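Subject: Handing over the structure

Hello,

Please find the structure below, together with its sequence. Once you have had a look around, read on for what was found in it.

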Amino acid sequence: MAHSVPPARRTELPPVHGAVICVAAPCLVISPEHGQLTGRGIDGIYRSGRRLLSRCVLRVGGRDPVAVQGRSLGSDRAAFTATVRTGAEAGPDPDVGVERVRHADGTERITVRSFAARRPMRLPVEVLLGTDLAELAAVAAGRPGPELPAAVHAAGLRWSSGEVQAVTAADPAPDDALASAGLLRWQLDLGPGESRTIELRTTQDRTARAPAGLVANPLADARAEGDDPRVEAWFRSSVGDLGALLMRDREEPGDAFAAAGVPWRLGLAPAESLWAARMALPLGTGLAAATLRTLARTQTGGRGPDAGKIPGPLRGAGPQLPPGCTGTEATLAFPAVLAEARRWGLPEEEVARLLPAAERCLDWLRGALGKDGFLADPDPGPRRCETQAHAHRAALLGADLLAGCGRPGAQEWRDRAAALRERFRDAFWIDGPDGGRPAAALHPDGRPLPRLTGAAAHLLDTGLLGGGELAPGLLDRIRTEQLARLLGAPAMDCGWGLRSMAFREPGHNPFGHRSGAVRAYESAVAVAGLAQAGFEKEAAGLLRGLLDAAESFGYRLPEMYAAEQRTAGSAPLPHPAACRPAAVAAAAGIHALTALAGLRPDAPAGTVALVPLSGAPLGALRFSGLRVSGEPFAVRISRMGLGMVEEAADALLLGG
């Protein structure tokens, strides 16, 4: 008798929603809220995916400090405050304070302060250290390996395994270092009110301190301010987190890209890295150019069916559809991002160097379109709604790029886009008594999947052409208005952002990353698309929800969070496995807020148009330090929704 073999259980990622994360890619520190690295779980100091330190437990006066607060101080550092009651004084009051400031580069400063009013004290301070030198992937899978024996280093401890090693050095040097116990010990003499600081530095070698800023940041140091003080905090955190995720391309270290997110995806994700660079265009074209160059080097060569395609992994699409290919998404994004970067001021010589790769992306698209005129993802497979939106945008912005650069083929792609619009309206729109909706996808046999999902927001993201004009969308005006109503209704707008699938749809899960949870990136795409299409009420509602959610998450939005309906006194619920920070979530803050200004530059023509939201949903706003045509750009939006340019390149004219 045959026995069935149960399917292998997929690795369950450990929860990280309660962790305090510091990042300066490729450096990463994951700490519990109390600050003690206990050697359990995923906590530790990492560099390039390797855990250098898993245990860092502090004892003061023979006691474990009582944690009172853990907080982020920025993208790359956090502080943990604790107290100790030594028992030398009667009563319940602590007489010692401890603050630990931990940096992503592996540096930690431990400051011990006496609260005693009259008497000096001698305090033994101990730090228990250890590591397994495990890869992050092994730690996440629950297979970290045993803790390694330590050896005494000149001012601390050292661990090694094969060619890999880690060193923790202390300043001042400890009074005692016990390798067998992984222990460093000091005797601190403190007068009343005095403090002493111990610095620990964890690196991969014996001498060098890990640098915090490994990549020259191409993002402008822009600022936002306004009537709502949360705008400044969200914008600042978004810019900082995106900068902290920048990594060097190994082949060309001068080029940087935004890693997808931490802790799980600290590396290149072609589609998400491109979308993040696109949403950050108001901060300059440098990140977009470097990301495009990085991806162009990966483009498939030869003459086969994949020639011109940018490779990328599969990505889950929820219970309704098979996984989609992020390479398809990146290939379609490439010509669109290059075209828009040109409008924002990417120098023509850089455009010319990247143009052949964009043309190869369009060549791939020409060959990949099916007999029905739609693009399957994967092929053979479903024709997804958002994939057609990406293809349509690639065709129109690709045509704009070809025409602007004096290359042939622009009219062909305009004609292909027009044909795709006509077919899409016939095949994807599902009529109904409520006005209808777009199908989430077409099955290979042509049957529509009648699900309303957040991916429909991409139908509103049509792209920027010359003269401040927006490209036409796949939907006509009446259907665009219906989609705007759907996205702004409670079934999709949960009060904290846009659901990835409408409430009450079969298979809806408020925590499902493609079946209900709020995805910050899609929410920002919806805000900007609704604003550009003139649906300010719906755009403002989603934007306010995103801003409220950002405040709840300390202005560091995770890539996704639960879409439970907002009620009085409620707060958005974190997804336990979500990356935070994530590149597209950080860039979403930039994209959603700058959408209020309605910036539409055309650097080749020397113009910039302003189309701000007339209702000024967040009150008066001012953006400074932006970049248009490579020069600083500042704009003010009044409470009446009127825009005024305060700083711009000398040759830049206002108008479309």
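**Charged pairs**

Arg384 and Asp377 are both buried, where buried means under 20% relative accessible area, exposed means over 50%, and partly exposed means anything in between (1.4 Å probe, protein chains only). Please keep in mind that this is a predicted model, in which local features need pLDDT of at least 70 and side-chain atom pairs count only at pLDDT 80 or more, while totals for chains, interfaces and linings use all residues. Residues are numbered from 1 along each chain as its sequence is written, and side-chain values use heavy atoms, with hydrogens and water left out.

Arg384 and Asp377 form a salt bridge, with their closest N and O atoms 3.7 Å apart; the term stands for a side-chain nitrogen of Lys or Arg within 4 Å of a carboxyl oxygen of Asp or Glu. Side chains of opposite charge can pair when their charged atoms come close. The structure holds 48 salt bridges.

A second salt bridge joins Glu412 to Arg416, whose closest N and O atoms are 2.9 Å apart. Both residues lie in helix α8 (residues 410–427), four residues apart, which is about one turn of the helix; helices (H or I, at least four residues) and strands (E, at least two) are DSSP runs, numbered from the N terminus. Glu412 is partly exposed at 28% relative accessible area, and Arg416 is partly exposed at 31%.

The closest N and O atoms of Glu505 and Arg437 are 2.5 Å apart. Glu505 is buried, with a relative accessible area of 10%, whereas Arg437 is partly exposed, at 22%. Elsewhere, salt bridges that share partners join Asp228, Arg230, Asp548, Glu551 and Arg566 into one network.

**Cysteines**

How many disulfides are there? The count is zero, a disulfide being a pair of cysteine sulfur atoms within 2.5 Å. The sulfur of Cys579 is 16 Å from the closest cysteine sulfur, that of Cys22, which is too far for a bond. Cys579 is buried, with a relative accessible area of 0%.

**Strands**

Strands β33 (residues 631–637) and β34 (residues 643–647) pair in the antiparallel sense over four bridges, and two strands are said to pair if DSSP finds at least two bridges between them. Arg636 stands opposite Met644 in β34. The hairpin of β33 and β34 has five residues between the strands, and Gly641 there takes a positive phi near 80 degrees.

An open sheet of three strands, with mixed pairing, has the order β30-β31-β35. Its edge strands are β30 (599–602) and β35 (653–654), each of which pairs on one side only.

**Around Thr168**

Thr168 lies in strand β14 (residues 164–171) and is buried, at 0% relative accessibility. Leaving aside neighbours within four places in sequence, Thr168 is in contact (heavy atoms within 4.5 Å) with residues including Leu53, Leu129, Trp159 and Thr202. The side chains of Thr168 and Thr202 also make a polar contact, at 2.9 Å. That term means a pair of N or O atoms within 3.5 Å; within protein, one must be able to donate a hydrogen and the other to accept it, and residues adjacent in sequence count only if both atoms are side-chain atoms.

Best wishes
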